[in-house]
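Work through the following exercises with the sequence and the model side by side. Try each task before you read its solution.

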Amino acid sequence: SVLVTMAIYAGTQLRPFDPTPRVSTSEWQNEVFPHSPLEELAPNLWTVRGEFPSSPLPRNMVVYRYGGDSLLLHSVVALDEPTMRRLEALGKPSIMVIPNWDHWAHIVAFKKRYPDIIVVCPEASRSRVEQRLAVDHTCEAYFPRHGMRFHVPPGMDPVEGILELPLRDGRVALAMNDLITNVSHQRGLRGLLLRLTGSTGRPRVIPLVRRGLHIDRAVVHDYLDALARRRDVAIITTSHGGALTSNVAAVVADVARDLAPSAGRRERADT
């Protein structure tokens, strides 16, 4: 069983940081699975890929430094102690974004390790997240007050959205969750199943996500098509697979084309 402390915190993101873990070493180690090192995508922006035995797809945590020395953690992944120390050396873990109620792994352990971390999730995910952990703020209410824009693309279930993170050069990184998946083909039987279901190989809105987020193909196509025309988007991170860091506009335009009515034949050929 898991004990969850149900407490509401009313301060700002700049809270005092206690570096002493309040979760036992053995308890934390039970949360840790194989993962990559922290990878810098841009100044103040990192990502790390975690593996989950129960999930066929890897999942990323995005780390964003803001306000000098505060860290926003998007879709948390428990890391081994050396990597956690490297993360803590980047700044103070201050905000934990749970991007979708289904991304609940490790959230209790992170809250126990950082009791003052602010817990934020989309409004439509709040009731289900709070079955496991108290939520301090919704993304819709919290981020506009702190210089970050959060929006839910039209044509999909609002249980998740997109967080825009300002970069030093005046452009932005978009922290997406499941909307775009960018996982390479995998080996073995699991990899074959993922390939047959159109879940790997290139950036796309995979069929599993279309069903899970109740995607309206035409509406999301128009949203992604418009997103591809934005010139301020430098990076798009995904919760599953590699971040989009080059030719971003062209890649997003290609993802949009997959949702066009004539895209079905292409998808079948690709899988």
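**Exercise 1.** Is Arg230 buried, partly exposed or exposed?

*Solution.* Before starting, note that this is a predicted model, in which local features need pLDDT of at least 70 and side-chain atom pairs count only at pLDDT 80 or more, while totals for chains, interfaces and linings use all residues. Residues are numbered from 1 along each chain as its sequence is written, and side-chain values use heavy atoms, with hydrogens and water left out.

Step 1: buried means under 20% relative accessible area, exposed means over 50%, and partly exposed is in between, using a 1.4 Å probe and protein chains only. Step 2: the relative accessible area of Arg230 is 23%, so Arg230 is partly exposed.

**Exercise 2.** Follow the contact from Arg230 to Val172, and find where Val172 lies.

*Solution.* Step 1: Val172 belongs to strand E10 (residues 172-175). Step 2: Val172 counts as buried because its relative accessible area is 11%. Step 3: Val172 and Ala234 are 62 residues apart in sequence, yet their C-alpha atoms are 5.9 Å apart in space. Step 4: with neighbours within four places in sequence left aside, the contacts of Val172 include Glu164, Arg230, Val233 and Ala234.

**Exercise 3.** Which backbone oxygens does the side chain of Asn60 reach?

*Solution.* Step 1: Asn60 sits in strand E3 (residues 59-66), and Asn60 counts as buried because its relative accessibility is 5%. Step 2: the side chain of Asn60 reaches the backbone oxygen of Thr238 at 2.7 Å and the backbone oxygen of Gly241 at 2.5 Å. Step 3: when residues up to four places away in sequence are not counted, Asn60 touches several residues, among them Arg49, His74, Thr238 and Gly241.

**Exercise 4.** Describe the second largest pocket, and say which residues lie nearest its centre.

*Solution.* Step 1: on a 1 Å grid over the protein atoms alone, a pocket is an open set of points with protein on both sides within 12 Å along at least five of seven lines, a cavity is a set of points where a 1.4 Å probe fits but cannot get out, and lining residues have an atom within 4 Å of a point. Step 2: the second largest pocket holds about 230 Å³ of space, a volume being the space filled by probe spheres set on the points, with grid points joined across faces, edges and corners. Step 3: of its 17 lining residues, Arg49, Asn60, Gly241, Gly242 and Ala243 lie nearest the centre. Step 4: strand E2 (residues 45-50) gives the most to this lining, with 3 residues.

**Exercise 5.** What is the volume of the largest pocket, and which helix gives the most to its lining?

*Solution.* Step 1: the largest pocket has a volume of about 1,100 Å³. Step 2: its lining has 42 residues, and His103 is one of those named as nearest the centre. Step 3: helix H7 gives the most to this lining, with 5 residues. Step 4: His103 itself is in the loop between strand E5 (92-97) and H3, and His103 counts as buried because its relative accessible area is 5%. Step 5: the side chain of His103 makes a polar contact with the side chain of Asp178, at 3.3 Å.

**Exercise 6.** How many cavities of 30 Å³ or more does the structure hold?

*Solution.* Step 1: there are 2 such cavities. Step 2: the second largest cavity has a volume of about 40 Å³, and its lining residues include His74, Val97 and Leu163.

Definitions and conventions. Helices (H or I, at least four residues) and strands (E, at least two) are DSSP runs, numbered from the N terminus. A polar contact is a pair of N or O atoms within 3.5 Å; within protein, one must be able to donate a hydrogen and the other to accept it, and residues adjacent in sequence count only if both atoms are side-chain atoms. Contact means heavy atoms within 4.5 Å.
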